[in-house]
Amino acid sequence: MNLFQIISEIEKVDPEVYDRLDSRRSIFKHMTGLGQKLSAAALPLAVGAIFNKVYAQTPMNASVNDVLNFALSLEYLESYFYNAGQASAPLQLGLSTTNKAALEIIRVDESNHVTFLRGVLGAAAITPPTTATFDYTGGKGTGAGPFADVFINPATYLAVAQSLEDTGVRAYKGGAPLLMSNKTVLTAALNIHSVEARHASRLRTMRRGGANNNAASQGVPAAPYNAAPKSWISGTDNGGASPAQTAPIYGAGNNTNAPTGVTFDAESNTTQGGANLTTLPNTTGFPASAFSEAFDEALDVTTVKAIARTFVVNGSTFLA
Amino acid sequence: MSDNLQPLYTPIKRRSFFTYAGATALVLAGCSKDSDPTTSTPGTISLGAGDVGVLNYAYALEQLEAAFYAQVVKTPAADFLAGELAYFTQIAAHEAIHRDFLKAAITKEKVGSLLQDLTPIFTTINFSSRNSVLTAAKLFEDLGVAAYNGAGILLKSQAYLTVAGQIASVEARHAALVRDLLTPGSFAADDQIDANGLDKQMTPTDVIAAAQSFITQQLDASLVGK
């Protein structure tokens with residue numbers, strides 16, 4: 001009788017069998033003593049009882065669904081933003097051909113993320129929000145917030161876009177540890193995460209080169225990076241595109257209930273895993289900015305929600 | 001991707017479980033020894049097992065990237081466009097910091113398990129040619145993103161998963177820039193992003209196979225995360 005061999009066989013069909021069991025050790029504990037009491041003929045029944053318990057559980061626990069619905073909410077925020085941008089003629093007039101093409105790629109990716117996450121969640125997915133749920137001016141429903149000209153002025157539009165993408169990168173990173181119980185979901189989330197980072201990088205290029213610049217990747221970053229950022233986040237980017245509203249996107253999160261060993265530091269953080277990056281060997285001569293640029297930071301759900309609700313109308317329960 | 005999606009929301013049916021249970025009786029009779037995953041291929045350097053293996057795996061890639069960009073900065077291509085050397089100088093610093101961070105993390109995690117210094121082979125890269133440098137950079141950055149994306153499920157520690165993500169998104173930012181420098185508008189092109197809007201992931205053995213021609217030492221990633 002070799003229980004591990006059986007589980008190993010099952011693993012070929014169900015790669016997540018070990019996650020469904022508590023652990024190899026605990027399954028062994030379940031079996032301890034059984035062997036003495038049961039004959040070999042009765043063992044399959046006992047093993048069956050254990051697995052029956054395991055597979056009777058829902059494969060995805062509530063917290064995984066919650067994290068995915070949270071991600072889906074953010075994807076709606078992004079997706080509707082790019083749809084509205086594409087529909088605005090005055091905005092399109094101010095964008096170069098290459099920038100329009102890039103924004104269309106991003107728009108399609110975000111729309112695909114919505115569809116994908118809805119597919120993953122199935123019946124557990126949230127009700128789709130209406131477009132009236134969002135106010136991308138940051139006016140919470142007045143349409144006259146700090147980004148009042150967002151769908152007319154390409155510079156404002158790209159600034160908001162960068163803010164949304166940089167937030168998305170931090171949100172997926174913060175959510176990843178909560179998805180470790182489901183390897184397929186975790187990998188999918190990581191695969192969206194890196195796409196958001198690619199988007200953020202491209203949007204930063206657009207802002208650096210200017211909305212009407214046709215060169216895909218030119219432009220010189222200019223400190224303090226509010227208007228002409230690098231492709232990666234340097235320090236806290238001086239609060240981002242519009243510091244009064246966007247500073248939290250680059251600031252520290254809330255470490256209450258953070259997963260073990262995880263902290264939600266500001267983007268300017270230069271200590272990783274307890275190691276002070278600035279004192280690593282072989283890095284002398286690097287500019288101070290390099291140490292924070294080399295690592296993006298994660299952000300917790302509560303802080304991300306507060307940021308996202310900058311663009312949700314007052315009274316809405318969306319992302320509440 | 002639709003095949004991969006299936007396990008996300010389809011519970012294993014009770015009926016199919018009982019198929020396993022039925023087979024159990026048969027398997028019981030003829031069970032062999034535990035399959036032992038702890039042996040490595042002779043003549044190669046094993047990256048190790050468990051989380052340390054994943055860290056060593058990342059360390060191998062970061063060594064390669066850091067060495068590459070250090071050379072790019074040291075002997076910049078004559079036909080770099082304005083501003084490009086500055087980009088590469090920044091990326092070179094990021095990769096060197098990733099490399100040295102991982103070295104410190106591995107040493108802290110398990111003394112004596114640190115992967116040796118690797119010797120890069122860059123003979124196929126023409127460092128005096130912008131196109132050759134950008135082509136190699138694109139390969140390394142996309143490979144890095146896919147490697148980190150695929151390594152997430154191998155990690156046991158939430159803290160290491162987070163730090164891997166912290167590096168992964170910076171690699172993705174690099175990848176997008178480098179891709180656009182090489183081919184304008186390709187930052188998230190269809191060869192990299194699928195119809196679901198998802199980036200790629202690769203297994204350690206596939207990544208090492210793709211990187212092996214740039215590394216003198218023969219690496220074995222078969223135990224990574226096991």
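Guide: The secondary structure of chain A comes to 13 helices and 2 strands, where helices (H or I, at least four residues) and strands (E, at least two) are DSSP runs numbered from the N terminus. This is a predicted model, in which local features need pLDDT of at least 70 and side-chain atom pairs count only at pLDDT 80 or more, while totals for chains, interfaces and linings use all residues. Residues are numbered from 1 along each chain as its sequence is written, chains are lettered from A and ligands numbered from 1 in the order in which they are written, and side-chain values use heavy atoms, with hydrogens and water left out.

Visitor: What share of chain A counts as buried?

Guide: Of its 320 residues, 57% count as buried, and here buried means under 20% relative accessible area, exposed over 50%, and partly exposed in between, with a 1.4 Å probe and protein chains only. Among contacts in chain A between residues at least 6 apart in sequence, 67% join residues at least 24 apart, a contact being heavy atoms within 4.5 Å.

Visitor: Which residues of helix α11 in chain A are buried?

Guide: In α11 of chain A, residues 243–250, the buried ones are A:Thr246, A:Ile249 and A:Tyr250. They lie on the same side of α11(A), because they cover an arc of only 85° around the axis, the arc being that of the directions from the helix axis to the C-beta atoms. In general, an α-helix has 3.6 residues a turn, so residues three or four places apart point the same way.

Visitor: And what do they pack against?

Guide: The buried residues of α11(A) pack against α9 (154–175), α10 (183–209) and α13 (301–308) of chain A.

Visitor: Is A:Asp237 buried or exposed?

Guide: A:Asp237 counts as buried, at 1% relative accessibility. A:Asn282 has a positive phi as well, near 65°, and lies in the loop between β2 (275–276) and α12 (288–293) of chain A; A:Asn282 is exposed, with a relative accessible area of 51%.

Visitor: Switching topic, which residues have the most contacts inside the largest nonpolar core?

Guide: They are A:Phe81, B:Leu47, B:Tyr57, B:Phe68, B:Phe88 and B:Phe101, in a core of 128 residues; a nonpolar core is a set of buried Ala, Val, Leu, Ile, Met, Phe, Trp, Tyr and Cys residues joined through side-chain atoms within 4.5 Å. Leaving aside neighbours within four places in sequence, B:Leu47 is in contact with residues including B:Val52, B:Tyr57, B:Leu115, B:Ile208 and B:Val224. A second, separate core of 5 residues includes A:Val169, A:Ala197, B:Val145 and B:Ala172.

Visitor: How many cavities are there?

Guide: A search of the whole structure finds 7 cavities of 30 Å³ or more. On a 1 Å grid over the protein atoms alone, a cavity is a set of points where a 1.4 Å probe fits but cannot get out, and a pocket is an open set with protein on both sides within 12 Å along at least five of seven lines; lining residues have an atom within 4 Å of a point. Grid points are joined across faces, edges and corners, and a volume is the space filled by probe spheres set on the points.

Visitor: What lines the largest cavity?

Guide: The largest cavity holds about 110 Å³ of space and is lined by 14 residues, with B:Val54, B:Leu55, B:Ala58, B:Tyr148 and B:Ala164 nearest its centre. The elements that give two or more residues to that lining are α3 (50–74), α5 (130–151) and α6 of chain B, and α3(B) gives the most, with 5 residues. By class, the lining has 14 nonpolar, no polar and no charged residues, where Ala, Val, Leu, Ile, Met, Phe, Trp, Tyr, Cys and Pro count as nonpolar, Asp, Glu, Lys and Arg as charged, and the others, Gly among them, as polar.
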